Amino acid sequence: MGRGRAKAKQTKVARRLKYQQLDTDFGALQRELGTDGNGGNDTDLDEDSSEEYDEYSRYLDDDDDEPRRHAG
């Protein structure tokens, strides 16, 4: 009991989101995310960053296709 009011509010919010015309400011979103909008990948990854992780490569499984079996 008492769920009627909460369900009505959820229904109201869902209908508003479904049918309301949203005026999205893509310029503000772009500024907030810090992108230039050209769709390029502007990451600052070094070419030799894999060398940093080479010491951990021995822990990688060669048989990633097989499901893992958990003890227990």
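1. Helices here are DSSP runs of H or I with at least four residues, and strands are runs of E with at least two. On that basis the chain of this predicted model has three helices and zero strands. Read along the sequence, the pattern is α-α-α.

2. The average pLDDT is 77, and 65% of the residues score at least 70. Helix 1 (residues 3-19) has the highest confidence, at a mean of 92, while helix 3 has the lowest, at 71. Where pLDDT is low, the predicted coordinates should not be read in detail.

3. On burial, the chain has 72 residues, of which 0% count as buried; the cut-off for buried is under 20% relative accessible area. The accessible surface comes to about 8,100 Å², and carbon and sulfur atoms account for 46% of that surface.

4. Helix 2 covers residues 26-33 and includes Phe26. Of its eight residues, the number buried is zero, so helix 2 lies largely in the open. Phe26 itself is exposed, because its relative accessible area of 59% is over the 50% cut-off.

5. Phe26, Leu29 and Leu33 make a nonpolar surface patch of about 340 Å². As for the spacing of such positions, an α-helix has 3.6 residues a turn, so residues three or four places apart point the same way.

6. Glu51, Glu52, Asp54 and Glu55 form a negative surface patch. Helix 3 spans 49-53, and Glu55 is found in the segment after helix 3. Glu55 counts as exposed because its relative accessible area is 52%, against a cut-off of over 50%.

Key. Residues are numbered from 1 along each chain as its sequence is written. This is a predicted model: local features need pLDDT of at least 70, side-chain atom pairs count only at pLDDT 80 or more; totals for chains, interfaces and linings use all residues. Side-chain values use heavy atoms; hydrogens and water are left out. Patches are made of residues with over 30% relative accessible area and no salt bridge: like charges are joined within 9 Å, nonpolar side chains (Val, Leu, Ile, Met, Phe, Trp, Tyr) within 5 Å. Accessible areas come from the Shrake-Rupley method with a 1.4 Å probe; for residues, only the protein chains shown count as cover. A salt bridge is a side-chain nitrogen of Lys or Arg within 4 Å of a carboxyl oxygen of Asp or Glu. Lys and Arg count as positive and Asp and Glu as negative; His and the chain ends are not counted. The place of a charge is taken as NZ of Lys, CZ of Arg, CG of Asp or CD of Glu. Buried means under 20% relative accessible area, exposed over 50%, partly exposed in between (1.4 Å probe, protein chains only). pLDDT is the predictor's confidence in each residue, from 0 to 100.
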